[in-house]
Amino acid sequence: MNEIVKQWLEKWKALPRSRKTIIIVMSLAVVLAGLLFLAQFSKKEYTPLFTGLEPKTASAVVDALNQYGIPYQLTAQGTTIMVPEDQVYEIRIQLAGEGLLTNTGLGFELFADTKLGVTEFERRLDYQIALQEELRRTIVQLDEVEQARVHLVMPEKSVFVREDRPASAAVTIAVKPLAQLSKEQVKGIIYLISSSVENLPPENVKVINNNGVVLS
């Protein structure tokens, strides 16, 4: 082994300085490219957990994230909380289960672009469909849940009606074999739905299992 090293050192010494410089520069470039690739590969993609939060709510959510050791980023003057994309739904349902999301007026960043030529009715319908899907994805993060469906009824505001009608929601859940949702989990689902829809009191959220039994 020592002989091999000695031979390589002799060959290296015999190389012209310009050749040595080229080899060193190319080696450093390869190492740097490898480090950049690893950094990009391991970089976490962040996505909004909630948007448009009140300062008090944002503070409570941040405290919970710090307690669980979950990385996060604050944007939009602290009103939007970003978390790793692969954890967003799990975190939402966890926070909801602890009752942190009650009456918070949560917002989800459901649309990156605004379509031109879309009517107000179409915009509201698209938002409702997207919100239902976002809530469904959150609920199925529970280990006990196999499938879920969320149906929202969001009455349109009218200038002719003095008091707006409250919204309502129905959540149908299919649990996994031999699994059962706890009362705390059902409560968390109710809080999640209620806090995500404007003018939706918790008592207007009904959770039903796949056997037609009302859980809330």
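**Close-up 1. The salt bridge between Glu120 and Arg123.** Glu120 and Arg123 form a salt bridge in which the closest N and O atoms are 2.7 Å apart, a salt bridge being a side-chain nitrogen of Lys or Arg within 4 Å of a carboxyl oxygen of Asp or Glu. The model is predicted, local features needing pLDDT of at least 70 and side-chain atom pairs counting only at pLDDT 80 or more, whereas totals for chains, interfaces and linings use all residues. Residues are numbered from 1 along each chain as its sequence is written, and side-chain values use heavy atoms, with hydrogens and water left out. Glu120 and Arg123 are 3 residues apart in helix H5, and so are separated by about one helical turn; helices are DSSP runs (H or I, at least four residues), numbered from the N terminus.

**Close-up 2. The salt bridge between Glu133 and Arg137.** The closest N and O atoms of this pair, Glu133 and Arg137, are 3.0 Å apart. Glu133 is partly exposed at a relative accessible area of 28%, as is Arg137 at 36%, where buried means under 20% relative accessible area, exposed over 50% and partly exposed in between (1.4 Å probe, protein chains only). Glu133 and Arg137 also belong, with Arg136, to a network of salt bridges.

**Close-up 3. The salt bridge between Glu134 and Arg92.** The side chains of Glu134 and Arg92 meet at 2.8 Å, N to O. Because Glu134 lies in helix H5 and Arg92 in helix H4 (residues 88-97), the pair ties together parts that are 42 residues apart in sequence. Both Glu134 and Arg92 are buried.

Note on methods: Helix = DSSP H or I, 4+ residues; strand = E, 2+ residues; numbered from the N terminus.
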